[in-house]
Amino acid sequence: MLRFLILFSLFIHSCVAAPKAPAAAAALPTKKWLTLNGQEPGVVARGGISGLFPESCALANDLAISSSSPGLTILCNLQMTNDGAGICLPDIRLDNATTISTLFPKGQKTYKVNGQDLKGWFALDYSADTIFSNVSLVQNIYSRPSIFDGELPISAVEDVLGIKPPKFWLSVQNDAFYMEHKLSPAEYLRSLGFRGITFISSPEIGFLKSIGRDAVMSKTKLIFEFKDPEAMEPTTNKKYSEILQNLAAIKAFASGVLVPKGYIWPIDTAKYLKPATTLVADAHKAGLEVYASGFANDMPASFNYSYDPSAEYLQFVDNGQFSVDGVVTDFPPTASQAISCFSHQKGNLPKAGHALVITHNGASGDYPGCTDLAYQKAVEDGADVIDCSVQMSKDGIAFCHDSADLTVSSTAMATFMSRATSVPEIQPTNGVFSFDLTWAEIQSLKPQIQSPFIAKVGISRNPANKNAGKFVTLDDFLKFSKEKAVTGVLVNIQNAAYLASKKGLGIVDAVKSALTKSTLDKQTTQRVLIQSDDSSVLAGFEAVPPYTRVLSIDKEIGDAPKASVDEIKKHADAVNILRSSLVSISGSFAAGKTNVVEEMHKGNISVYVSVLRNEYISIAFDYFSDPTVEFATFIAGNGVDGVITEFPATASRYLRSPCSDLNKEQPYAILPAEAGALISVANKEAQPPASAPNPPLDAKDVIDPPLPPVANMAANNATGATPNAPGHSGSIATTANLCLSLLAILAMGLLFATD
């Protein structure tokens with residue numbers, strides 16, 4: 001345990017924000033809040049950082065205080081042992097959050113709680129000594145880290161008070177149940193003298209009334225907690241929805257209310273926000289503070305938030321109509337940054353630092369990628385550089401699309417199933433390829449938003465915009481970028497050798513022609529980035545000095561030796577590198593950091609990292625399941641020169657926040673995580689197995705053969721010859737076989753339909 005605490009102390013000091021002196025805050029502009037008292041909304045940490053550690057353990061509480069804004073409130077859910085001790089655990093049943101069922105396999109019992117039979121292991125069946133001497137904590141939400149399970153002791157209420165949190169909130173959920181079994185939460189509180197307790201909440205009116213006089217004397221705020229609207233309040237036997245209609249009556253025994261966030265911003269069955277209720281305004285009119293609960297970075301709420309947890313907090317505290325007085329969350333650092341750093345961030349504020357926000361297919365987290373709407377949203381979201389991955393149609397039109405295969409991000413498979421082919425030079429699976437369709441045929445397709453995690457965990461993106469927008473030509477893309485005066489454009493060139501030799505399509509010439517037509521090759525106001533994984537493609541743009549040439553390194557690397565860097569410098573000014581080449585991941589933990597950025601910078605090569613996404617499933621635990629912390633880690637921690645993302649709004653907001661400037665004195669800063677620090681806190685036996693290190697970049701992998709000349713397909717067709725005939729014949733055969741297979745399937749379907 002001593003080793004554990006020492007390592008954890010190092011973890012805290014290496015990767016979280018220390019509050020600055022209050023004097024520094026005086027220099028910042030005063031924010032006007034629409035809370036009841038006009039003060040900044042409070043952040044209430046439910047059991048510390050319970051999104052990372054087991055709820056209410058000492059480490060969760062310590063890290064919450066160290067990594068959150070000043071004035072944090074630590075919340076403890078009170079449970080009671082049979083000898084009257086108070087402990088902090090999330091539920092009246094202990095089996096989901098502790099090791100008790102393993103230690104006492106025959107201890108399961110059934111009790112009636114609020115009219116319902118509950119089966120499990122209950123604290124009131126054990127003494128405090130039994131609990132503290134034998135039982136340890138586990139993470140009660142299975143998608144969260146389990147490597148700390150069984151290592152951490154349960155905290156007594158006095159333990160949490162002993163660390164002297166800035167504020168302390170005690171949640172008393174089941175007073176009537178404990179009183180029925182001759183245990184009195186009220187008497188327990190009186191034994192503490194209410195000392196150090198800032199808030200006491202309960203869903204039971206009778207309990208709050210019973211301690212009202214004590215709370216007044218100790219200046220403790222009483223908060224009435226609303227449960228499900230159809231649930232019954234034990235004292236009055238009324239539904240909570242009925243009690244909600246008379247907020248003035250609550251003011252007689254409480255100074256505020258705690259409500260699930262859906263009471264304020266309800267969500268429809270499609271997971272989109274409905275109009276806000278009048279609850280906050282009504283409560284404030286009655287003189288009641290309003291606290292909202294249920295916030296967690298790893299529990300997506302509404303598609304309106306684009307999987308950005310900070311956006312959800314801002315919806316509750318900075319919507320221009322009202323602000324809740326506090327939020328109860330499992331991830332207090334995220335709530336802190338939303339309130340302290342991002343609120344009232346209006347207009348196009350200047351960025352801190354030089355890092356570029358570069359899109360990946362536009363704002364493709366919100367709209368189908370590479371469509372007019374994705375690019376429009378990217379500009380509105382503050383992207384510096386918008387990107388176009390160029391593809392070619394059969395009739396030689398250059399347009400923007402993520403890949404030559406149209407099946408994933410359009411309705412091509414349904415429309416042109418018979419045109420599917422196998423092109424192993426491009427991908428191992430069949431597809432409907434752009435170079436086999438005319439531009440008119442491509443325009444007939446509907447775009448389709450890509451949801452990269454839907455197959456793995458069922459997380460989809462913005463279904464309301466699933467097929468919104470239209471594909472754009474490269475000419476239109478460049479015209480749009482000039483009209484919007486974006487900082488720059490990134491033009492990504494793929495499959496140039498194949499297109500030239502097999503399809504007679506000169507993609508490099510098409511790009512050059514489009515850039516010349518747009519006059520972007522004759523100015524320096526807007527940056528032009530030419531990207532390719534083929535060094536020979538980049539060589540074709542060497543004669544245009546204003547262009548920045550970007551080599552895309554699509555494989556994971558762990559090192560960039562000088563010889564490789566020197567070779568890159570012959571062809572490119574920058575590299576686009578996978579994020580796993582900069583920070584290695586093991587079991588969803590950031591396990592280690594490479595020196596690739598430093599090595600590239602020594603060679604005067606800029607580094608862009610890709611692809612960053614908002615969905616929590618793609619983000620390491622070390623980043624608190626928060627995309628903003630991941631951006632901070634790569635930008636402030638690794639020193640990259642640009643981030644390539646499908647959610648440019650999140651990156652832009654971070655870079656335009658004063659909290660991203662680590663050289664500025666302020667009450668709160670968003671600091672990068674330290675790779676390897678968190679995983680090292682757990683016992684060695686519990687840590688995920690270490691992954692093999694990524695190989696170093698080989699200089700030979702940088703060099704590509706010269707591009708072949710663009711084949712004259714008309715001449716070849718006239719003579720009957722084709723370049724690389726076996727490959728071409730194979731494609732035709734594959735197409736024919738695939739068509740026959742599809743016809744057979746359709747025929748079988750018709751037979752079964754007639755039966």
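The chain has 30 helices and 22 strands, where helices (H or I, at least four residues) and strands (E, at least two) are DSSP runs numbered from the N terminus. This is a predicted model, in which local features need pLDDT of at least 70 and side-chain atom pairs count only at pLDDT 80 or more, while totals for chains, interfaces and linings use all residues. Residues are numbered from 1 along each chain as its sequence is written, and side-chain values use heavy atoms, without hydrogens and water.

Along the principal axes, the C-alpha atoms fill a box of roughly 100 × 75 × 55 Å. Of the 755 residues, 54% are buried. Buried means under 20% relative accessible area, exposed over 50%, and partly exposed in between (1.4 Å probe, protein chains only).

An unreviewed UniProt entry places the feature "domain: GP-PDE" at residues 41-339 and 355-655; such annotations may be inferred rather than shown by experiment, and feature names are shortened. Residues 41-339 are 29% helix and 19% strand, with end C-alpha atoms 7 Å apart. For residues 355-655, the composition is 31% helix and 20% strand, and the end C-alpha atoms lie 8 Å apart.

The second largest cavity is lined by F303, S306, Y307, G365, D366, R461 and N462. A cavity is a set of points on a 1 Å grid over the protein atoms alone where a 1.4 Å probe fits but cannot get out, and lining residues have an atom within 4 Å of a point. This lining draws at least three residues from each of domain 1 (34-79 + 160-342) and domain 2 (356-701), with bounds from an automatic or database domain assignment. One of the lining residues, F303, is 36 residues from I267 in sequence and 9.7 Å from I267 in space, C-alpha to C-alpha. I267 is found in the loop between β9 (256-260) and α13 (279-285) and counts as partly exposed because its relative accessibility is 34%.

Some backbone details remain. N361, in the loop between β12 (356-359) and α16 (372-380), has a positive phi of about 65 degrees although it is not a glycine. N361 is buried, with a relative accessible area of 3%. T519, in the loop between α22 (507-518) and β16 (527-532), also has a positive phi of about 65 degrees, but T519 is partly exposed at 35% relative accessibility. The peptide bond from S610 to V611 is cis, with omega near -15 degrees, and V611 belongs to strand β21 (residues 606-612).

Conventions. On a 1 Å grid over the protein atoms alone, a cavity is a set of points where a 1.4 Å probe fits but cannot get out, and a pocket is an open set with protein on both sides within 12 Å along at least five of seven lines; lining residues have an atom within 4 Å of a point.
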